[in-house]
Each structure stands twice: as C-alpha cells, then as structure tokens.
Amino acid sequence: MIKKIAILTSGGDAPGMNSAIRAIVKKAEVHGIETFLVKEGYSGLYKGDFVLSSKIDLDENFANGGTIIGSTRFPQFKKLKIRKIAKSKLDEKEIDALVVIGGDGSYKGAQLLHELGVKTIALPGTIDNDISSTDFTIGYDTALNTIVHAIEKIRDTMKSHRRVAIVEVMGRGCGDLALFSGIATGSELIVTKENPKTIDDIAKVIKEQMIKKGKRSTIITVSENIFDDLYALRKEVEKKSGIITREISLSHIQRGGKPTAGERIMTTLMGIKSVDLLYKGKSGIALGMLNGKVVSTPIPESLNIKRKSRKNLTEKINKINQI
Ligand code: F6P
C-alpha cells in the first residue's frame with residue numbers, strides 16, 4: 001500500500017502544471033497518502049530537495065501559470081549512477097511513488113525510475129502537444145490561445161500599415177501550435193516541418209495576397225526551428241516581394257499565463273487518476289486525454305506511438321486561407 005507520493009515538474013514549464021499538482025495532493029489526502037513536492041524537477045530529485053505539500057498553498061496557486069515547484073532540464077538523469085542516487089533520496093524519506101509532469105524526455109526518466117522499482121505515473125506537461133498518447137498535452141490549449149490573441153494584435157497593426165508579419169511560434173518539432181493558431185487566425189500561410197516552404201514560396205504568397213488581391217495584411221505563421229535566422233528570412237522575403245515585412249518571435253510569452261478552463265479541468269481529472277492508479281499498485285503508466293476521457297498507456301508504448309500527420313490538413317488550410 002502506497003503511503004507517500006512525490007510530485008515533480010520537468011522540462012519546459014506549462015500552464016496547468018499547478019492545477020495538476022493540486023489535484024494529486026488533494027486526491028492523495030482522500031486516501032490518507034502523504035505528498036511531497038520535489039523542487040526543480042529531476043535535479044531536485046537527485047539532490048533530495050523535497051518539501052511537504054502542506055507547506056505550499058496550492059489552492060492559492062492552482063490557477064496560476066508556470067510551476068510553483070520549479071522545473072529544469074537535467075540531461076544528467078540519463079546516467080544510471082545519478083538515477084540510483086535519486087532513488088536513494090526517495091528511499092531515505094520512504095517515498096513509494098512519483099508523479100512526473102513533463103514532456104517526452106521526462107517520460108523517459110519516469111520509465112527508467114519505474115525499472116529501478118519506483119512506482120511512477122507520467123502526466124503530459126508541455127505546450128508543444130507532441131505526445132501522441134493524448135489528444136492534448138497540459139499547457140497546449142493555453143499557449144494556443146496566447147498565440148491567437150498575439151497574432152490578432154499583430155494583425156491590427158499590420159493592417160494599419162499594409163504590412164506582412166512572419167510570426168514564429170514554439171512547438172519544438174511539432175507543428176500543432178502553428179497549424180491550429182493559423183486556422184484560428186486565418187493566417188495566409190502556415191509553415192511547419194511537415195509543410196516546409198522556401199523563401200520564394202513565401203514571397204509568392206505575399207505578392208498574391210498583397211498585390212493581386214489587394215489585402216492590407218498577410219500573416220505567415222512559422223514553426224520554430226525551421227528558419228535559422230528570422231531577421232535574414234524577413235529581409236530576403238521583403239526584397240523578393242517588395243512588401244514591408246516584420247518578423248516576430250512570440251518566444252516565451254507562449255509558455256506563461258493562467259491556464260484555460262479546459263486545461264484546469266483536464267489536469268484535475270488526470271491528477272485524480274494518477275493517484276487512483278498508484279493506490280491500485282500501478283506503475284510505469286502515462287496518462288492522456290482521448291475523446292474527452294482520461295486514458296492510461298504504458299510509458300514505452302506512449303513514447304512509440306507515431307504522431308498523426310497533419311500534412312494534408314495544413315495544405316487544405318493554406319488553400320482556403322489564400323482564397
Ligand atoms: O518544450 C517546450 C518548449 O517551450 C519548446 O516549445 C521550446 O523549443 C523549448 O521549450 C524552449 O526551451 P527553453 O525555455 O529551455 O529555451
């Protein structure tokens with residue numbers, strides 16, 4: 001029987017992490033399980049930096065962005081020696097189980113700890129929506145809304161000046177933030193890893209929209225890590241199209257902000273489920289939300305599911321947004 005659970009957040013922070021933590025702590029309390037919060041992700045686990053959850057006001061913080069317990073990227077956790085020390089820190093406090101909230105790298109850490117005998121559950125915490133065992137990752141919906149609001153503001157000023165904006169959004173290798181914000185804002189061109197475009201392609205769209213159709217603004221939404229130098233890209237596009245263009249990287253504002261209502265609901269349901277599973281003795285499980293239901297998938301399986309291709313959808317949207 002589980003008596004103590006630790007919780008950590010890892011990788012890039014994501015709105016909704018705090019509401020997940022709160023739900024885990026509350027549900028654990030229902031079962032009479034004590035909860036510990038691990039500071040600064042896997043690095044805090046390695047150092048044994050734990051604090052009793054009762055020391056932090058989770059109700060006050062649950063609807064705030066970021067993660068109140070801190071997060072880090074800690075590649076050293078790939079080393080067995082480091083993981084064994086981390087496990088010994090849990091053993092010292094007689095903590096039986098760990099809930100990890102993070103992206104795919106964090107999932108790997110949770111799986112490796114499971115293999116060392118720690119009971120682990122992983123929740124998909126990343127704005128990138130790049131975990132295939134869930135329809136939505138924690139933070140994605142909030143980031144998407146942040147991007148949409150930002151692009152709308154950019155559109156206002158571009159329209160006033162008859163300009164083009166190239167807006168770069170996050171997502172690491174995943175194009176979902178670009179594609180779905182592009183749909184929600186009517187971006188005239190969406191460029192993702194699956195649908196790459198050349199500078200000539202971009203300039204052609206701009207000329208068609210601004211000169212042939214006489215539009216007052218054009219938005220090109222681009223996933224990060226496609227163009228090395230956004231400024232050089234804009235200069236080149238401007239030269240080829242003849243239209244004044246600005247480049248805007250939305251950068252880390254995409255990761256901040258209060259989680260949307262949907263995000264708070266999803267994380268609460270996942271938090272509850274994670275404790276229920278640990279209570280039943282389960283481990284090595286990744287939680288996700290599929291068709292409105294919280295689902296469990298073994299972590300290795302979750303990491304191996306191939307991402308759904310969005311290539312055709314992106315092409316379809318680019319066509320209608322350019323009509
Ligand atoms: O994984 C989330 C994410 O926000 C990615 O979209 C982005 O590429 C990366 O983190 C940025 O990380 P950092 O804040 O460490 O620069």
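Is Phe136 buried, exposed or partly exposed, and what is its relative accessible area? In this predicted model, Phe136 is partly exposed, its relative accessible area being 43%.

**View 1. The structure contains four aromatic pairs.** One of them joins Phe136 and Tyr140, whose ring centres are 6.2 Å apart and whose planes meet at 15 degrees. Planes under 30 degrees apart count as stacked, so the pair of Phe136 and Tyr140 is stacked.

**View 2. Four aromatic residues form one cluster.** The members of this aromatic cluster are Tyr42, Tyr46, Phe74 and Phe77.

**View 3. The charged end of Arg22 sits over the ring of Phe62.** The distance from the charged end of Arg22 to the centre of the Phe62 ring is 4.3 Å.

View 4. Residues surrounding the ligand include Arg73, Thr126, Met170, Arg172, His252 and Arg255. Asp128, Gly171 and Glu224 also belong to these surroundings.

**View 5. Asp128, Glu224 and Gly171 each place an N or O atom by a ligand oxygen.** A polar side-chain atom of Asp128 is found 2.6 Å from an oxygen atom of the ligand. For Glu224, an N or O atom of the side chain lies 2.6 Å from a ligand oxygen atom. Gly171 contributes through its backbone, with an N or O atom 3.3 Å from an oxygen atom of the ligand. On its own, the ligand has 400 Å² of accessible area, of which the protein covers 72%.

Methods:
Residues are numbered from 1 along each chain as its sequence is written. This is a predicted model: local features need pLDDT of at least 70, side-chain atom pairs count only at pLDDT 80 or more; totals for chains, interfaces and linings use all residues. Side-chain values use heavy atoms; hydrogens and water are left out. Rings of Phe, Tyr and Trp (its six-membered ring) pair if their centres lie within 6.5 Å; planes under 30 degrees apart count as stacked, over 60 as edge-to-face and the rest as tilted. Buried means under 20% relative accessible area, exposed over 50%, partly exposed in between (1.4 Å probe, protein chains only). A charge sits over a ring if NZ of Lys or CZ of Arg is within 6 Å of the ring centre and within 35 degrees of the ring normal. A residue is near a molecule or strand if one of its heavy atoms lies within 4 Å of it. A polar contact is a pair of N or O atoms within 3.5 Å; within protein, one must be able to donate a hydrogen and the other to accept it, and residues adjacent in sequence count only if both atoms are side-chain atoms. Accessible areas come from the Shrake-Rupley method with a 1.4 Å probe; for residues, only the protein chains shown count as cover.
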